[in-house]
Amino acid sequence: AKEQGRNTYQFYEPEMNDFIYKRAQLEQGLRKALELNEFTLLFQPQIELNAGKIIGNEALIRWKHGVAGMISPADFIPLSEETGLIVPIGEWVLRKACEQNVAWQKAGFPPMRVSVNLSARQFQQMNLVENVTEILSETGLDPQYLELEITETIAMHNEEYVIAKLNALKKLGIRIAMDDFGTGYSSLGYLNKLPIDTLKIDKSFLGDIKEGQNSEICATIIAMARNMNLNVIAEGVETKEQLDFLFQHKCMEAQGYLFSKPVSADEFVQTYLSIQEV
Ligand code: C2E
Ligand code: CA
Ligand code: CA
Ligand code: CA
């Protein structure tokens, strides 16, 4: 404590140094990961509950790190967003997801849509619409099979800008889903103005359906989606009880561990076949 006055680095607690070091290392690693092709996509089926058939899948990124092994997006997407690395990473995800979808169609599977997460940072990119156009044409994916998942965080920006951009994306013939719905702060009035096709009920609301409040929220979101003529899908469905709830409230699309966790492209084909047989 006596030394403090002399040392300008007094604020740098060892943990702080460690934190900064780890961040810098992570950022460096992420830059390399793109070059080294260390990212991979997993696919989680989305089920139409009436028919019990797969109608789509969500593409979810993983990082196969040479030393650390499989790294979950929760551990690198936030920093990717901060540093802007999410832009090239997201572009890679979109291209890969479209390519895979086309490959499955060419292999003879009935066409299904693919949902790709779009971060707010990507959404802000000037050339987003051009990029999506280019990727669709390069991969040959029919736009009706692509859905982009946005979150309420895009609503932090100028309303006209957001609406115009979403309209431009919709003009390409793709679909737009509002992900994690209910966790953000956007108003219903605002939501109503956005040209979206689907509401994804956040898994936190489905988490404990037995708790009165959450089931109320779920039921409200489902009813609201219906009134707004939107498609609605529940994510994070893990139990038969949750499934019954969805049936009861007529939410006829779901995604979750009850059906399948996210799996590799190879495993997806197996999952696909097994779920179609049920
Ligand atoms: P998200 O978009 O809300 O994706 C759903 C997350 O819930 C996935 O986690 C998925 O594996 C998990 N999940 C699915 N079913 C269940 C279930 O029944 N129970 C539980 N507890 N979890 C379930 P994941 O793959 O770890 O991704 C986490 C988040 O990382 C995503 O949340 C998304 O925000 C972000 N992310 C993943 N891939 C990408 C990407 O390619 N681009 C961007 N920008 N973000 C991504
Ligand atoms: Ca998502
Ligand atoms: Ca979500
Ligand atoms: Ca989420």
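**Figure 1. Salt bridge between Glu 147 and Arg 113 in the predicted model.** The side chains of Glu 147 and Arg 113 pair with an N to O distance of 4.0 Å. Glu 147 belongs to strand β5 (residues 146-150) and Arg 113 to strand β4 (residues 113-117), so the contact ties together parts that are 34 residues apart in sequence. Both Glu 147 and Arg 113 are buried. The structure as a whole holds 12 salt bridges.

**Figure 2. Salt bridge between Lys 200 and Glu 235, with the network around it.** The closest N and O atoms of Lys 200 and Glu 235 are 3.8 Å apart. Lys 200 lies in strand β7 (residues 198-201) and Glu 235 in strand β8 (residues 231-235), so this pair ties together parts that are 35 residues apart in sequence. Lys 200 is buried, as is Glu 235. Lys 200 and Glu 235 are also linked with Glu 58 and Glu 149 in a network of salt bridges.

**Figure 3. Salt bridge between Lys 240 and Asp 244 within helix α10.** The side chains of Lys 240 and Asp 244 meet at 3.0 Å, N to O. The two residues are 4 residues apart in helix α10, about one turn of the helix. Lys 240 has a relative accessibility of 52% and therefore counts as exposed. Asp 244 counts as partly exposed because its relative accessibility is 36%.

**Figure 4. Asp 180 at the calcium ions.** Asp 180 lies in strand β6 (residues 175-181). The protein donors of the calcium ion (ligand 4) are Asp 180 (OD) and Asp 180 (OD), at 2.8 to 3.0 Å from the ion. Asp 180 bridges this calcium ion (ligand 4) and the calcium ion (ligand 3), and the two ions lie 3.9 Å apart.

**Figure 5. Asn 37, a non-glycine residue with a positive phi.** Most residues other than glycine have a negative phi. The phi of Asn 37 is positive, at about 60 degrees. Asn 37 is in the loop between α1 (14-36) and β1 (39-48). With a relative accessibility of 52%, Asn 37 counts as exposed.

**Figure 6. Lys 250, a non-glycine residue with a positive phi.** Lys 250 has a positive phi of about 60 degrees. The loop between α10 (240-248) and β9 (253-255) contains Lys 250. Lys 250 is exposed, its relative accessible area being 57%.

Terms used. Residues are numbered from 1 along each chain as its sequence is written. Chains are lettered from A and ligands numbered from 1 in the order in which they are written. This is a predicted model: local features need pLDDT of at least 70, side-chain atom pairs count only at pLDDT 80 or more; totals for chains, interfaces and linings use all residues. Side-chain values use heavy atoms; hydrogens and water are left out. Donors are N, O and S atoms within 2.8 Å of the metal (3.2 Å for Na, K and Ca); water is not among the atoms, so sites may look incomplete. Buried means under 20% relative accessible area, exposed over 50%, partly exposed in between (1.4 Å probe, protein chains only).
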